[in-house]
Amino acid sequence: MMRLNSVVNNGKQCESVLTACVSLFLLFYLGSMPLFAESDIKDGTNESEAAHSLIQNQETTNASVLPAADYKMSDEYGDISEEEIGETKIDIEEKLIADPLEPFNRAMYHFNDKLYYWVWKPAAQGYKFVVPEEVRGLFSNFYYNIKAPVRIVNNLLQGKPGYAAVELLRFLINSTMGVAGLRDCAKDCFDITGRDADFGQTLGKYGIGFGFYVVAPFLGPTSPRDGIGWLVDWTLRPTTYVGDPDEWFTPQSVGLYVHEKINQTSFYIGDYEILQDAAIDPYIAMRDVYVQYRRKLIER
Amino acid sequence: MKILYTGLILALLTVIIVIPDCVYAGVPLDTVKSNANDVIDILRDPKLKGDSGKKIKEQKIEAAADKLFDFVELSKRTLGINWNKFTPDQRKEFVGLFRNILRDAYIDKLTSYTDEKVSFVREVPLSENTVEVQSIAEIKRGNIPINYRVIKKGNEWKVYDVVVEGVSLVNNYRNQFREILGNNPPEKLLETLRNKVAKK
């Protein structure tokens with residue numbers, strides 16, 4: 001403390017030195033602890049960098065085998081090689097999902113699509129009209145906060161006790177200072193951000209694949225793995241036990257879930273329409289978004 | 001004074017540790033940033049309001065998008081090896097149609113954006129001539145990671161793929177087109193695209 005004071009007393013120009021010292025300290029201190037989401041993102045990029053350098057190595061070896069004239073194209077509308085566009089057979093197979101139920105899934109896709117335009121969307125629009133944005137924001141915070149057990153348990157199961165602790169801390173702060181989770185005070189007041197986690201993701205981290213693609217009525221794109229994940233997470237949601245603690249699905253727990261979804265949809269009206277509008281085959285577009293998004297969450 | 005020197009050395013160390021991130025923010029990031037900011041500036045231009053303004057706005061965005069994206073590269077990577085099944089004329093037509101489909105789908109959403117804050121975070125090399133520029137868009141309900149994959153063509157860096165929340169635009173379309181081209185000739189896909197563009 002004395003030392004710090006003497007530095008401060010040296011005058012204004014030392015202020016930056018002090019800041020530097022503090023930031024250095026923070027850098028080492030925080031860098032060694034898995035507290036914030038950034039460290040996780042970095043993990044992800046390192047992995048992908050490694051993967052890319054692997055691909056790059058492959059590319060260079062392939063390129064040296066190919067005759068130079070075939071590999072390099074002067075005309076931009078000329079032929080291409082697989083290597084040039086970074087597409088190998090392994091790449092393609094990794095990005096696909098088995099879809100043995102396609103006829104059923106397509107039917108369910110159309111069912112959910114109609115459900116969206118006839119039920120969810122008008123409900124969300126009416127709801128949006130009646131309930132002010134601030135209040136919808138409070139609901140959204142509330143539902144996110146109350147699902148903390150899902151994130152705590154799954155962060156633990158994924159071998160991330162640091163994040164489990166942060167999620168617990170966030171839950172405690174938001175449930176008290178954030179008034180029962182209506183405000184995300186942990187983030188707004190203390191800048192503490194957590195890490196979302198679910199059981200489907202946990203299973204994925206353990207090396208379990210999608211299995212195959214399933215479009216569930218009402219719930220949308222999923223797979224046996226993520227479906228089981230959804231059920232396990234459902235048992236971890238405190239709202240599940242609101243009506244009857246012995247029953248998993250009660251009018252109360254399902255009702256709360258429906259409200260959560262309508263509240264959420266009210267912020268994203270129009271996004272589904274864009275996906276539809278932009279797609280050539282919306283069914284495949286949606287399936288691919290599901291696969292890419294879930295895969296990314298597991299790689300992270 | 002000794003403490004001051006220690007502090008200075010520490011500060012220098014901090015600079016050495018922290019700076020690589022800043023130094024590395026090189027040409028690809030700057031290019032994407034400035035070209036993307038051009039689009040944002042047009043979106044926010046208060047002079048371009050109302051119905052007449054909207055037309056000019058859309059034209060300006062299109063011009064800015066042509067500067068930002070390399071639609072030929074984007075098309076090649078979307079079609080994958082199927083690109084070679086197309087004749088050069090079909091390839092040219094495909095690039096034009098695909099560009100229009102993307103424009104029609106996203107321009108309405110784009111023009112409704114006015115107050116999103118986008119920060120460009122870092123760039124990660126993907127291969128010898130490709131780089132991923134990572135950015136974060138702050139919206140009301142949280143942050144969305146948006147990554148632009150850029151390729152060096154001559155002296156220019158141009159975007160050939162956009163990855164939002166881990167979902168790559170190119171991969172998404174590639175799977176759709178592969179399914180169609182698995183059972184049909186290129187002409188069939190072009191016809192589907194023509195019909196889609198004409199409907200707008």
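Predicted model: local features only at pLDDT ≥ 70, side-chain atom pairs only at ≥ 80, totals over all residues.
Chain B contains seven helices and five strands. Read from the N terminus, its elements follow the order α-α-α-α-α-β-β-β-β-β-α-α. Of the contacts in chain B with a separation of 6 or more, 49% are between residues 24 or more positions apart.

Chain A comprises 300 residues, of which 37% are buried. Its secondary structure consists of 15 helices and two strands. When contacts in chain A between residues at least 6 apart in sequence are considered, 66% of them join residues at least 24 apart.

Helix packing was examined in each chain. Two packed helices are described by the angle between their axes and the distance between the axes. In chain B, helix H6 (residues 169–183) and helix H7 (residues 186–199) have axes that come within 8 Å and cross at roughly 130 degrees. The crossing of H6(B) and H7(B) is right-handed. On the side of H6(B), the contact is made by Phe177(B), Ile180(B) and Leu181(B), and on the side of H7(B) by Pro186(B), Leu189(B) and Leu193(B). By class, this contact of H6(B) with H7(B) consists of six nonpolar residues, with no polar and no charged ones.

A helix pair in chain A is formed by helix H7 (residues 133–146) and helix H9 (residues 161–176), whose axes come within 10 Å and cross at roughly 140 degrees. H7(A) and H9(A) are therefore oblique to each other. Their crossing is left-handed. Tyr144(A), Asn145(A) and Ile146(A) represent H7(A) in the contact, where they meet Arg170(A), Phe171(A), Asn174(A) and Ser175(A) of H9(A).

One disulfide is present over all chains of the structure. A disulfide is a covalent bond between the sulfur atoms of two cysteines. The bond joins Cys185(A) to Cys189(A), with an S to S distance of 2.3 Å. Both cysteines belong to helix H10 (residues 185–190) of chain A; because they are four residues apart in this helix, they are separated by about one helical turn. The link of Cys185(A) and Cys189(A) is left-handed, with -110 degrees about the S-S bond. The two partners differ in accessibility. Cys185(A) counts as buried because its relative accessibility is 3%, under the limit of 20%. Cys189(A), in contrast, has a relative accessible area of 42% and is therefore partly exposed.

Backbone geometry was considered next. Most residues other than glycine have a negative phi, and most peptide bonds are trans. Asp191(A) has a positive phi of about 60 degrees, although it is not a glycine. Asp191(A) is located in the loop between H10 and helix H11 (199–205) of chain A. With a relative accessible area of 55%, Asp191(A) is exposed. In chain B, Glu165(B) is likewise a residue other than glycine with a positive phi, here near 50 degrees. Glu165(B) is found in the loop between strand S4 (156–164) and strand S5 (167–168) of chain B. The relative accessible area of Glu165(B) is 29%, so that this residue is partly exposed.

The surroundings of one further residue, Lys67(B), were also described. Lys67(B) lies in helix H3 (residues 50–68) of chain B. Its relative accessible area of 45% places Lys67(B) among partly exposed residues. Residues up to four places away in sequence being left out, Lys67(B) touches Asn35(B), Asp38(B) and Lys158(B). Lys67(B) and Asn37(B) are separated by 30 residues in sequence and by 12 Å in space, C-alpha to C-alpha.

Technical notes
Residues numbered from 1 in each chain as written. Chains lettered and ligands numbered in written order. Heavy atoms only, no water. Axes fitted to C-alpha atoms, helices over the stretch in contact; angles between N-to-C directions. Parallel < 35°, antiparallel > 145°, perpendicular 65-115°, else oblique. Left-handed = near helix turned anticlockwise from the far one by under 90°. Contact = heavy atoms within 4.5 Å. Disulfide = S-S within 2.5 Å. Buried < 20%, exposed > 50% of the residue type's maximum accessible area, 1.4 Å probe, protein only. Nonpolar A, V, L, I, M, F, W, Y, C, P; charged D, E, K, R; others polar.
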